[in-house]
Amino acid sequence: MYDKELRREKRKKWLLYGLAFIIFQSAIIALFTLTVMKVRNPKFRVRSATFDTFDIQSTTNPSFSLRTNVVVGIKNANFGPYKYDNSTVYFYYGDTEVGSAVIPKSKAQFRRTKKFTVGVDLASTNLAGNSQLATDISSGIVPLSSRSTLTGKVELMLIFKKKKYFDLYSC
């Protein structure tokens with residue numbers, strides 16, 4: 001009789017250990033799923049620009065033509081590499097496109113920022129008759145903005161692949 005009670009107590013103890021282990025593993029899996037396996041959008045930004053050639057006409061027909069090197073950054077906050085496709089960054093003066101740059105297909109490593117430089121020719125050929133351009137050129141500041149969409153896949157744990165894209169609108 002004593003042996004049966006002892007065995008029953010041992011079985012209860014092992015059952016409790018098993019349940020505690022299952023609860024612990026469930027908590028670890030939930031934590032892992034909510035943190036590491038969460039797929040975030042990459043951050044895609046024009047970081048800076050330097051000018052090579054700079055030609056401005058501020059006479060009767062105001063215009064500009066310049067060659068610039070734009071530093072673009074793609075910040076991947078995921079726990080897996082972000083493989084993105086070819087894309088184009090469009091540069092605008094107001095609502096009019098003044099130039100574009102091609103972003104080649106590549107990969108941003110996990111938890112890293114990939115930086116690269118692209119050359120862009122910006123010209124105001126589509127802005128004939130714009131009175132605001134004359135005002136901006138005479139003030140010395142020509143406001144430009146950029147827009148682009150970057151599409152690609154995040155690969156988590158070399159198993160899961162999730163499509164992610166990011167729209168870039170910067171001023």
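Reply: Helices (H or I, at least four residues) and strands (E, at least two) are DSSP runs, numbered from the N terminus. This is a predicted model, in which local features need pLDDT of at least 70 and side-chain atom pairs pLDDT 80 or more, while totals for chains, interfaces and linings use all residues. Residues are numbered from 1 along each chain as its sequence is written, and side-chain values use heavy atoms, without hydrogens or water.

The part to look at is helix H2, residues 131-139. Leu-133, Asp-136 and Ile-137 are the buried residues of H2 (buried is under 20% relative accessible area, exposed over 50%, partly exposed in between, with a 1.4 Å probe and protein chains only). Look down the axis of H2: these residues fall within an arc of 100°, so they line one face of the helix. The arc is taken from the directions that run from the helix axis to the C-beta atoms.

The face turned away from the buried side carries Ser-131, Ser-138 and Ser-139, which are exposed. After H2 comes Gly-140. The phi of Gly-140 is positive, near 95°.

What covers the buried residues of H2? Among the elements that do so are strand E1 (43-57), E2 and strand E4 (87-93). Contact here means heavy atoms within 4.5 Å. Take these strands in turn.

E1 and E2 run antiparallel, joined by 13 bridges (strands pair if DSSP finds at least two bridges between them). Five residues make the link in the hairpin between E1 and E2.

With a relative accessible area of 47%, Thr-50 is partly exposed. Set aside its neighbours within four places in sequence, and Thr-50 touches Arg-67, Thr-68 and Asn-69. Lys-75 is another matter: 25 residues from Thr-50 in sequence, and 21 Å from Thr-50 in space, C-alpha to C-alpha.

Arg-67, a contact of Thr-50, also forms a salt bridge with Asp-121. The closest N and O atoms of that pair are 3.4 Å apart (a salt bridge is a side-chain nitrogen of Lys or Arg within 4 Å of a carboxyl oxygen of Asp or Glu). Arg-67 belongs to strand E2 (residues 63-76) and Asp-121 to strand E7 (residues 112-123), so the bridge ties together parts that are 54 residues apart in sequence. Arg-67 is partly exposed, at 29% relative accessibility. Asp-121 is exposed, at 52%.

Move on to E4. Five of the seven residues of E4 are buried, so this strand is largely enclosed by the rest of the structure. E4 pairs with strand E5 (residues 96-103) in the antiparallel sense, over seven bridges. Tyr-93 stands opposite Thr-96 in E5. The hairpin of E4 and E5 has two residues between the strands. Gly-94, in that turn, has a positive phi of about 65°.

E4 also pairs with E8: three bridges join them, and they run antiparallel. Tyr-92 has Ser-145 in E8 as its bridge partner. The ring of Tyr-92 has a charge over it too: the charged end of Arg-147 sits 4.5 Å from the ring centre (for such a charge, NZ of Lys or CZ of Arg is within 6 Å of the ring centre and within 35 degrees of the ring normal). Elsewhere, Arg-111 lies over the face of Phe-79, 4.8 Å from the ring centre.

The structure holds two of them. Besides the pair of Asp-121 and Arg-67, Lys-83 meets Glu-155 at 3.5 Å, N to O. Lys-83 is in strand E3 (residues 82-84) and Glu-155 in strand E8 (residues 145-156), so this pair links parts that are 72 residues apart in sequence. Lys-83 is partly exposed, at 40% relative accessibility. Glu-155 is buried, at 13%.

To recap: H2 has a buried face with Leu-133, Asp-136 and Ile-137, an exposed set of three serines on the face turned away, and a cover that includes E1, E2 and E4.
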